[in-house]
Amino acid sequence: MKKIAIQGTLGSYHDIAAHKYFEGEEIELICCASFEDVFAAIKKDSKTIGMLAIENTIAGSLLHNNELLRQSGTQIIGEYKLRISHSFVCLPEEDWDDITEVNSHPIALMQCREFLGQHPKIKVVEGEDTALSAEIIKTGNLKGHAAICSKAAAERYGMKILQEGIETNKHNFTRFLVVADPWQVDELNRHRSKEVNKASMVFTLPHTEGSLSQVLSILSFYNINLTKIQSLPIIGREWEYQFYVDIVFDNVLRYKQSIAAIAPLTKELKILGEYEDGKSNI
Ligand SMILES: O=C(O)C(=O)C[C@]1(C(=O)O)C=C[C@@H](O)C=C1
């Protein structure tokens, strides 16, 4: 049975994404309080696979996870794009008029900004994850508290759903990365018939005119399609950045050639993973 380390508890969106990605396989979840703990679980047992949210179509990137991924030395082996639909839930005996506080994961709260704006009297308090917020309210019988979580989490923890679909926009997807110890990648791929048509990389660039533009031109020359570029400051080197780039391609040879061509123009180039482009799943 595969062990999958996730951030969050049972019923969290990470739980849902892990079960969707590994559909048909038996998995055991290792529920971690933080993303740091997810990587620690992989370090402790190299057979453990990690699943982590990396970006959301409303809230944007989970920037720190790029950094954790790079530092961990793990490799991306896949991705899953999950449609996120949030519910506003409370204790079964309570109703709208009772609610004075709402608890949830900060990224989930960001996805419901419009809804929260329509209820300015409700105090917003961040929690570790969506499902745990619901569980804490239920087990602690926290009157006046509501949680923002999935419908499945509300049902799991016996909460009453006051409103469904409270995300600001229905095109609300979170992209999750599936990561593994680099020594396990070949073995894991052997058992999955996945096509490689996507790669993630990170590099730094010299502060010279057109250095980023040259890299992008080379990728374009090799018919490589850029799906994401994210710059992050390098701590301790002011105004210098790491560039995290995702690309898709249909010719693996051209992809390899493009990497060989950009390598001399970049510094500290690291391939974070080669995997199959995930479709947006509803
Ligand atoms: O709190 C949860 O349920 C999570 O799985 C975390 C998380 C995230 O980290 O972005 C996952 C998906 C949603 O975007 C909201 C929250």
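Visitor: Let me start with a single residue. Is Val89 buried or exposed?
Guide: Val89 is buried, because its relative accessibility is 0% and anything under 20% counts as buried. Keep in mind that this is a predicted model.

Visitor: Good to know. Where does Val89 lie?
Guide: Val89 is part of strand 6.

Visitor: And what does Val89 touch?
Guide: Leaving out residues up to four places away in sequence, Val89 touches His145, Ala146, Ala147, Cys149, Ala154, Met159, Lys160, Ile161 and Leu162. Take Lys160 from that list: Lys160 and Val89 are 71 residues apart along the chain, yet their C-alpha atoms are separated by 5.4 Å.

Visitor: Let me zoom out. How many helices and strands does the chain have?
Guide: There are 10 helices and 16 strands in the chain.

Visitor: What about the overall dimensions, what does the C-alpha trace span?
Guide: Along the principal axes, the C-alpha trace spans about 65 × 45 × 35 Å. The radius of gyration is 21 Å, which agrees with the value near 19 Å that a compact globule of 282 residues would have.

Visitor: What share of the residues is buried?
Guide: Buried residues account for 49% of the 282 in the chain. As for the surface, the chain exposes about 13900 Å², and carbon and sulfur atoms supply 52% of that area.

Visitor: And how many of the contacts join residues at least 24 apart?
Guide: That share is 76%, counted among contacts between residues at least 6 apart in sequence.

Visitor: What about charges? How many positive and negative ones are there?
Guide: The chain has 30 positive and 38 negative charges, and the mean positions of these two groups are 3 Å apart.

Visitor: Changing topic: which residues does UniProt list for domains?
Guide: An unreviewed UniProt entry gives "domain: Prephenate dehydratase" for residues 3-181. For "domain: ACT", also from an unreviewed entry, UniProt lists residues 200-276.

Visitor: How much helix and strand is there over residues 3-181?
Guide: Over residues 3-181 the chain is 31% helix and 34% strand, with the end C-alpha atoms 13 Å apart. Over residues 200-276 the chain is 29% helix and 40% strand, and there the end C-alpha atoms are 11 Å apart.

Visitor: Back to single residues. Where is Leu69 found?
Guide: Leu69 is in helix 3, which runs over residues 63-72. Leu69 is buried, with a relative accessible area of 2%.

Visitor: Which residues is Leu69 in contact with?
Guide: Setting aside neighbours within four places in sequence, Leu69 is in contact with Phe39, Thr74, Ile76, Leu177, Val179 and Leu272.

Visitor: What about Ile234, is it buried or exposed?
Guide: Ile234 counts as buried because its relative accessibility is 12%, under the 20% cut-off. Ile234 sits in the loop between strand 13 (225-233) and strand 14 (241-248).

Visitor: And what does Ile234 touch?
Guide: Apart from residues up to four places away in sequence, Ile234 touches Thr204, Glu240, Tyr241 and Gln242. Another pair to look at is Ile234 and Glu67: they are 167 residues apart along the chain, and their C-alpha atoms are separated by 9.8 Å.

Visitor: Where is Asp97?
Guide: Asp97 is in the loop between strand 6 (87-90) and strand 7 (101-104). Asp97 is exposed, with a relative accessible area of 79%. From Asp97 to His207 it is 57 Å, C-alpha to C-alpha, and the two are 110 residues apart in sequence.

Methods
Residues numbered from 1 in each chain as written. Predicted model: local features only at pLDDT ≥ 70, side-chain atom pairs only at ≥ 80, totals over all residues. Heavy atoms only, no water. Helix = DSSP H or I, 4+ residues; strand = E, 2+ residues; numbered from the N terminus. Rg over C-alpha atoms; globule rule 2.2 N^0.38 Å. Buried < 20%, exposed > 50% of the residue type's maximum accessible area, 1.4 Å probe, protein only. Contact = heavy atoms within 4.5 Å. Areas by Shrake-Rupley, 256 points an atom, 1.4 Å probe, with all protein chains shown as cover. Lys, Arg positive; Asp, Glu negative; His and termini not counted. Charge placed at Lys NZ, Arg CZ, Asp CG, Glu CD. UniProt positions renumbered as here; feature names shortened; annotations may be inferred.
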